[in-house]
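Here's a quick tour of charged pairs and nonpolar packing. Have the model open while you read.

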Amino acid sequence: MRTRKLLFYVGGLLLVAGTLAFLLTPLVVAGGLRWWLDRAARQEGMRVELVNIEAPLLRPAVVHQLKIVSQPGAPFQVVATVSQAEFALNFAAFFTQSRGRFLHSLTAEGITVDVRRNPELPPGSQHFAWQILDDLLADNFKFSGVDLHIENGMTTVDLRDGALSGYQIEAGVFSASDLRIESPWFRKSFSQLRGATSWQDSRLTVGALTLTRGLDLDALIVDLSHIGESRLDLEMALDAFGGKLRARISSEDREDRRTWDAAGTASEISLAQMSDALELTDRASGSLRACKFTFRGEFTKVSEAAATIWAEVTSLTWRDRTADGIMIGASLYNRQVQIQQLYVKQRENQFTLSGESALPQKLADWLNPDFHGDVSASINDLGEFARLFGANPSDFAGEIYISGSVSAQERKLGGQLLASGNSLVLFGAPFESLNANLSLKESRLEVAQFELARNDDSFHGQASLDLAGERAYSFTLTSSIADVADYTSLIPESIRGLRLAGSLELDWSGNGTDSAHSGTFHARGHGLRLPGVPLLPIEAEFEGNYSPEYVFFQQFNLSTEHAALNAFVTIANDYFQLQTVRLDLNGKPGLQGEAFIPVSLSKARTEGSWLAALGDDPYFNLDLTLEPLDLAELAGAVTSWPKMAGQASGKVEFHGTPVAFEGKSSIHLQDYVFENEPRISLDVDANAAGGIVNGKMVMLASRSAPVNFEGSLPLKVEKRDSGYALDWSGPVSATLNFPAVFLAKLPLYLSRRTFGDGILSGQLTLSDSTDHWKVHGNAQLINGRLLGGSSISAGVAFGGQTAVIDYARFAQKNTQSTARGDVDFRDLSDVAVTLLPSSPMVTLTLLEPGDCVDSVHLSPAAASASPRARIDEVVLRGNLFTPDWTISLKDKRGEDPLDASLRNGSSRSFPVCPANEPGGKTITLGPAQGLFP
């Protein structure tokens, strides 16, 4: 009886305990799961946050809004969030410590992971959270809505809308809408990725995945069986651009260091397919026929790693560069880089380099590595070989042979190189032969012999360069050239346009360091000339010295048989100076004086303005005297085309700073004749002080009355924040009197072939200021016959900033037309000349939008007017100082919708053709008939 009661009590207790356990299981599971997640994260230096956990009885636990964050001291800053995660737990594995996984299945949705390397910590300062990854491995898993961002230095990987699943008894799926990789050497996006997965024995296999056209992933096998011990193994097989790529990579932590072991092979990879698929800017073609590589060590300490590479590229073409074959074999071990062979084969050209070098232990030693090796080259087509390195093949040709050895150890160099060539073209200049002997002795490079020869031309030189310290160097060069025109391609581009011809002898020596240089030169030119320019052959001699601050010519002599120019010339960084300038003509002084111009010639050339080339505190000094000179004698002494005559004399004195110029000048030209043009005489006297230039000018042309100008104009140079600038603002006072100028007697270089006859007369007065010009007076043109046969007569009265055209008469053959009008020049950048014909005109020329006009003709034939053709007003408009003018033909009757419809929307304004531009149209105008107001 007692036994029966005892059994009854025990059974009841067990029933109550089982009932309580059954009822309390959800609470225990939720609390236990929270404790396990928190404990696992803290052990790996991470922090877990979550909203709540649901643990329904006999169903997977659900975690809402899970967030995992790494601690600040971690080598990688990790922030991971999961919207919802389901955990199906295997309690048997947990309590019995069996080999099964604690997680039977894991499903997660809305996953966002951001991983960034901590740049403030050295690599290996703290291990990564490998164990937590091992704890999260499940028998079955499914991840969806994955957004991943990994950033390591300048390399980033982004995956959007990814999904990954794996099951023990069936295939899974991998997909991603977008995968983007960016690094300094590679940038590519892959979209709409989809492949199959297999999950067996902690090995995840992803396969049947097409990344891009020509690049298919056969299999990617990731072994996670030792992930808790920080070991990761990976095998990859790719069908890559017509070839195969295989690689095996393993990685593990050893003594707080991450060691990588990689090996791979590649074969028959098409570079053309690769260029097209990766959308490379510069397309390449050819084939990576074979390649093998190995690596073992730390990526952060490559110098302490061991690596080998062997590769062969055939039929390489990149841009316009080609090579039949390139082979390289190299290895890295124990800080030693050994180049077994670098071989380049290009048609008949071959280049071979082999050697070894020790990797420097300190950054400062990279410029002085220990190295020794052999080099040899047989270049039978120098142009094609130069193309391989980006040079223009037309600038190089011929054969060159190079052989020798080079060594460097403990900052001491040794070795010798010999180079020889025949029938060469170097930088576009032809040479018959080249011989060079270079030797390396400790830290110096010695060019014991350098010879270039062509016919009777020769270049000889020696040089020495210290490869250590401040790179001290010295050299001497002697050359003798029969005609410098043969070496135009070697002349600097800044003076190449001179196209100088003639013989030259040059002696040049120099020396210097990284921070300074200096040298001397002595050049003698004979029979120098500019082809196409009618100058007599010139004898020249230049001797001087140079430094970083200046170039000084102690001899600067140019001479012909009857004329000589001599001076001392200094070209400095911020000025140039001419001292004791003297031009002698048949033994008599012609020009003499001195000049100091505080302008940097290099800045003036690059900036395009002498104002921008002024220094901070410039001072000008110009004192030149032109003795009475016979221009015909001068032309005969320096040119082979003496078509100039007359007498010239003058003096120019000019000094001061830009903001306070002072000086005076007087120039006289008597009976000047150029070619067979009419003669003119000119007298100009001017002085400058206080920013005002006062001057007088008298010009006398054949049969014309003297043209007199007298006035004062503002001319100042102001210093502003952006530099110096001309300032024309200020009062203006001037008179111009031209009683009778016979246009037919003006030289063509003044009339510009506009008028063949006519008389121009008038008197004008300029007043007020340059900002508000006012012109008063009148001007008349009588029978101004154009070279085309038309003639113009007009009278204009100026009234300040406008003028009235009292009359204008145009005549051509038997046709005449009269008009009146006005001129508006209040804005000199928008001058408007309006002409109103006395009777309406019509256009007899069909003009289309986009046409430009080069002339206007009159026709005697009358025509009936149409709304499109009638002209009541002609307007010329443009900038007084530029050729951008337009001509407008207007109908003053107005613009109604019917009229606009008849015109078909055609523009009535047309540009005036620039000078010498072909394709311009001539507007033909005629009187209108049958017009109605």
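Arg180 comes out at 29% relative accessibility, so it counts as partly exposed (buried means under 20% relative accessible area, exposed over 50%, and partly exposed in between, using a 1.4 Å probe and protein chains only). Its partner in a salt bridge is Glu182, with the closest N and O atoms 2.5 Å apart. Glu182 is partly exposed as well, at 25%. By salt bridge we mean a side-chain nitrogen of Lys or Arg within 4 Å of a carboxyl oxygen of Asp or Glu.

A word on ground rules: this is a predicted model, where local features need pLDDT of at least 70 and side-chain atom pairs count only at pLDDT 80 or more, while totals for chains, interfaces and linings use all residues. Residues are numbered from 1 along each chain as its sequence is written, and side-chain values use heavy atoms, with hydrogens and water left out.

**Charged pairs**

Searching the whole structure turns up 19 salt bridges. Three of them, side by side:

| Pair | Closest N to O distance |
|---|---|
| Arg180 and Glu182 | 2.5 Å |
| Arg454 and Asp486 | 3.7 Å |

Take Arg454 and Asp486, which form a salt bridge. Arg454 sits in strand E24 (residues 444-454) and Asp486 in the loop between strand E26 (473-481) and helix H6 (493-496), so this pair ties together parts 32 residues apart in sequence. (Helices, H or I with at least four residues, and strands, E with at least two, are DSSP runs numbered from the N terminus.) Arg454 is buried at 15%, whereas Asp486 is partly exposed at 33%.

Asp623 belongs to strand E34 (residues 620-630) and Lys651 to strand E35 (residues 644-656), so the link joins parts 28 residues apart in sequence. Asp623 is partly exposed at 33%, and Lys651 is partly exposed at 32%.

There's also a network of salt bridges linking Asp114, Arg116 and Glu151.

**Nonpolar cores**

Which residues touch the most other members of the largest nonpolar core? They are Leu66, Phe87, Phe174 and Leu288, out of 51 residues. Such a core is a set of buried Ala, Val, Leu, Ile, Met, Phe, Trp, Tyr and Cys residues joined through side-chain atoms within 4.5 Å. Beyond its neighbours within four places in sequence, Phe174 has contacts (heavy atoms within 4.5 Å) that include Leu159, Leu193, Arg194 and Val206. A second, separate core has 38 residues, among them Ala701, Val833, Ile923 and Leu925.
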